[in-house]
Amino acid sequence: MRSRSIPGSSGRPRPLRLLGDPALTAACRDVTDFDAGLAALVEDMFATMYAAQGVGLAANQVGVPLRVFVYDCPDDEDRRHLGHLVNPRLVEADGVLVRGPEGCLSVPGIEAGTPRYDHAVVEGFSVTGEPRTVSGTGFFARCLQHECDHLQGGLYLDHLTGLRRRRALRAASRAPWAGREAAAGSSPS
């Protein structure tokens, strides 16, 4: 019998912010109140991530400018990593640089070969303020780096260059979800 509830089971899915939304390009601020509101946000984020069939989600992707992310992501050995981090800091990203397929719930349906390190370590806190260190390799390391980027106001598209970047931005501008704001925010820089 389960002694803990399933993450997100008491949450409600929130609308996702999409490419072009200013919430995705601003750095998030540190959480200072480890209270019931933070716990509810984490539950809503899990519910949103599961509803969108993602493996990770940062708070600014649901319009909340706080340094929080959730994840339910396998690594390359198909081991499941499930959790959340509050005020995370990427303290290590090393190993082999691997260009692998990467997508984002805020850029739905668009994937591109994105370079990421094969190993990552992130330090932060639990929703109750307990220190946590999470490390990952392979796909999970990619997820950790991706979510930390979000909290700095970045997207995986920022790691693309040349033809890969142009193709991804062109696809985003033509996507069914792309509005005027998304198309304006996707011009190459």
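**Notes on the predicted model**

1. Asp 30 has a relative accessible area of 37%, so it counts as partly exposed. Its side chain forms a salt bridge with that of Arg 67, at 3.5 Å from N to O. The pair ties together parts 37 residues apart in sequence, because Asp 30 lies in the segment before helix H1 (36-51) and Arg 67 in the loop between E1 and strand E2 (68-74). Arg 67 is buried, at 4% relative accessible area.

2. The model is a prediction. Its average pLDDT is 92, and 93% of the residues score at least 70. Residues 180-189 stay under 50, with 15 contacts beyond four places in sequence. Where pLDDT is low, the predicted coordinates should not be read in detail.

3. The count of salt bridges comes to 10. Arg 79 pairs with Asp 75 at 3.0 Å, N to O, and with Glu 77 at 3.4 Å. Arg 79 is partly exposed at 47% relative accessible area, whereas Asp 75 is buried at 6%.

4. A network of salt bridges links Glu 102, Arg 116, Arg 142 and Asp 149.

5. Strand E1 (residues 56-58) includes Ala 58, which is buried at 0% relative accessibility. Beyond its neighbours within four places in sequence, Ala 58 contacts Met 45, Val 68, Phe 69, Glu 147, His 150 and Leu 151. Between the C-alpha atoms of Ala 58 and Ala 40, 18 residues apart along the chain, the separation is 14 Å.

Note on methods: Residues are numbered from 1 along each chain as its sequence is written. This is a predicted model: local features need pLDDT of at least 70, side-chain atom pairs count only at pLDDT 80 or more; totals for chains, interfaces and linings use all residues. Side-chain values use heavy atoms; hydrogens and water are left out. pLDDT is the predictor's confidence in each residue, from 0 to 100. Contact means heavy atoms within 4.5 Å. Helices (H or I, at least four residues) and strands (E, at least two) are DSSP runs, numbered from the N terminus. Buried means under 20% relative accessible area, exposed over 50%, partly exposed in between (1.4 Å probe, protein chains only). A salt bridge is a side-chain nitrogen of Lys or Arg within 4 Å of a carboxyl oxygen of Asp or Glu.
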